[in-house]
Amino acid sequence: MSKKYSNSSWNGTSTRSDLLLKRSLAAVWHPCTQMKQHEWVPLVPVARGEGCWLYDFDGRRYLDAISSWWVNLFGHCNPRINAALRAQLERLEHVLLAGFSHEPVVELSERLARATGGALGHCFYASDGASAVEIALKMSFHYWRNCDRPGKTRFVSLAGSYHGETLGALAVTDVRLFKDTYAPLTMASSQVTSPDWRLAERGESARDYAARCAEALERHLERHHEETAALIVEPLVQGATGMAMHDPEYLRRARAICDRFEVHLIADEIMVGFGRTGTFFAHEQAGIAPDFLCLSKGLTGGYLPLSVVMAREAVYRAFYDDDVTRGFLHSHSYTGNALACRAALATLDIFDEDRVLEANRAKSARLTAAARALAQHPRVKHFRNTGMIWAFEVDTGDVLFARKFFARALERELLLRPLGDTVYFMPPYVIGEEEIELLASRTTQLLDAC
Ligand SMILES: *Cc1c(COP(=O)(O)O)cnc(C)c1O
C-alpha cells in the first residue's frame, strides 16, 4: 500500500484529466475522505453525465449504481428537468423568502402537501438534509415550549441511525465513525433498539422482531416521556449504517406509542422519500403520518440542494401568535430557492407523467431476478431488497474491502461504494434492462476478484 498512486498510472489518463485531478487534490477538500488516501486511491474525473452513466475525459464510463450519493432519480442531464430549469432561469433565479413569495415555492408546497394526503400542510425549506433535521428538532422542542412543556428537551433515535452531520443532526446520529470525534460537542440523546430484520432471532419474523423492538421503545418512553420531545426514525431503511431494513410494523407501533406518551414522531425520509422504498413516501407502508417529515436528496431529482420539513396543522398552530418569539425564527439565505423548487416540480411532473411508482415495481422485480446468482454467491449474506434499494454483506476479513471493491468496480464500469462490508445498489429509476443485467453480472464477477 505504500506505492504512491499517480494519476497517469491509472489506466493511462489524458493530460487533461491528469491536470484536473492534481488541481482538485491541491485545492478541493473532498467530503467524507481522509485526503491522504488519495495517494493510492484514484480520484475519478467526471466530464459529463447522461442517464445512468458518468463519462470521463478519455471515453471511459461508469454506471452510477448509487445515484451519486442517493440523490439522483431520473438520470444525469435529464432533458425534462434541464428544460424546466432553463425556463425558470429566464424568469427568476432566487429571491429571499422572508416577506416575499414566488410561484415555484407555492406550487411545490401545495403539491408536497397533497402527496401526504393533506396530513402535513406546512412546508419549511432549507438547503440540505442535515439542516432539515436541525429544523425538525428545533421545531419539536419549540412546539413543546410554546405548549408550556419546556421540560421536553430530549430526543430518541434508533441504534445505527444516520440523520446528518451538523451538530444537532449528529446528536441523534449513531454511526461511530462520524460521531465519536465530536461527541463532546453534541447534546445527549437516547438510542433504542433498531428493528433491523437481520437481528431477528432464528425463526422470528421481521414483523415479530419489529414488534419486539417497539416494546423496547415503549419501555423507554414509559420512563422518559416527560423529558422527551421527539423520536426520529429513518422509515423502512436505515441508510448510512449499512442499509438496515425493517418491517413497517415498527412504524405503526411507534406512531401509537408516541401518541400515547405525547412525543413527536419525526420521519427522516431524506433518503427513502420519493419512491425509493416502492411507495412515494416510506411511512405510507405503515398507514401512518408522522408529525414532521424531512425531505431532501431526491427532492430535486438530484439536481440542486434543497430540503424541506413538512409539519402538521397542530404544530403550525402552536407557533401562530402575536408574540414574535413564539414564531419559528430559523432561517437560511437560500430558503425556498426558485431554481431548486423548479427542479423539484419538474421531478414531480415526471412521477405523474411516467407513472414511475408502477414502472419501478417491474424494474425492482427485474433487478431482483437478475441478481439471483449474486444472492446465492457463497460469499454473500443477507441479500435484501426494499423497493429500489438492494443490499448484502460480503464475507471478508479485509478491513480495506470497501476501498478495494470500489476501485475494482470502477475497472468494470461500475460506480459502487460499499459501506464497510455492505454492498448496495441504489440506481437512478431510469436504469434500463441492459444496465440491470450488467450491474448484476459484473458485481457477481467482482466478488470473485476481491
Ligand atoms: C443524507 C442523509 C441526511 C443528511 O442529508 P445531507 O444533505 O447530506 O445533509 C440525513 N438523513 C438521512 C436519512 C440521510 O440519508
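In this predicted model, Lys 404 is partly exposed, with a relative accessible area of 27%. Its side chain meets that of Asp 398 in a salt bridge, 2.7 Å from N to O. Asp 398 has a relative accessible area of 29% and is also partly exposed.

A salt bridge also links Arg 442 and Glu 413, with the closest N and O atoms 2.8 Å apart. Arg 442 lies in helix α15 (residues 433-449), and Glu 413 in the loop between α14 (401-411) and β15 (414-415), so the pair ties together parts that are 29 residues apart in sequence. Arg 442 is partly exposed, at 22% relative accessibility. Glu 413 is partly exposed at 22% as well.

Salt bridges that share partners also build a network, which joins Glu 107, Arg 111, Asp 349 and Asp 352. Within it, the closest N and O atoms of Asp 349 and Arg 111 are 3.0 Å apart. Asp 349 is partly exposed, at 30% relative accessibility. Arg 111 is buried, with a relative accessible area of 14%. The count of salt bridges comes to 32.

A polar side-chain atom of Lys 297 lies 2.6 Å from an oxygen atom of the ligand. A side-chain N or O atom of Asp 268 is 2.7 Å from a ligand nitrogen. Ala 130 contributes a backbone N or O atom, 2.8 Å from a ligand oxygen. On its own, the ligand has 380 Å² of accessible area, and the protein covers 83% of this.

Ser 190 lies in strand β6 (residues 190-192). This serine is buried, with a relative accessible area of 13%. Its side chain makes a polar contact of 3.0 Å with the side chain of Arg 154. Ala 254, in helix α9 (residues 249-261), is buried at 1% relative accessibility. Ala 254 and Gly 203 are 51 residues apart in sequence, and their C-alpha atoms are 23 Å apart in space.

On the surface, Leu 167, Tyr 182 and Leu 185 form a nonpolar patch. Together they have about 310 Å² of accessible area. Leu 167 lies in helix α6 (residues 167-172) and is partly exposed, at 42% relative accessibility.

Technical notes
Residues are numbered from 1 along each chain as its sequence is written. This is a predicted model: local features need pLDDT of at least 70, side-chain atom pairs count only at pLDDT 80 or more; totals for chains, interfaces and linings use all residues. Side-chain values use heavy atoms; hydrogens and water are left out. Patches are made of residues with over 30% relative accessible area and no salt bridge: like charges are joined within 9 Å, nonpolar side chains (Val, Leu, Ile, Met, Phe, Trp, Tyr) within 5 Å. Accessible areas come from the Shrake-Rupley method with a 1.4 Å probe; for residues, only the protein chains shown count as cover. A salt bridge is a side-chain nitrogen of Lys or Arg within 4 Å of a carboxyl oxygen of Asp or Glu. Helices (H or I, at least four residues) and strands (E, at least two) are DSSP runs, numbered from the N terminus. Buried means under 20% relative accessible area, exposed over 50%, partly exposed in between (1.4 Å probe, protein chains only). A polar contact is a pair of N or O atoms within 3.5 Å; within protein, one must be able to donate a hydrogen and the other to accept it, and residues adjacent in sequence count only if both atoms are side-chain atoms.
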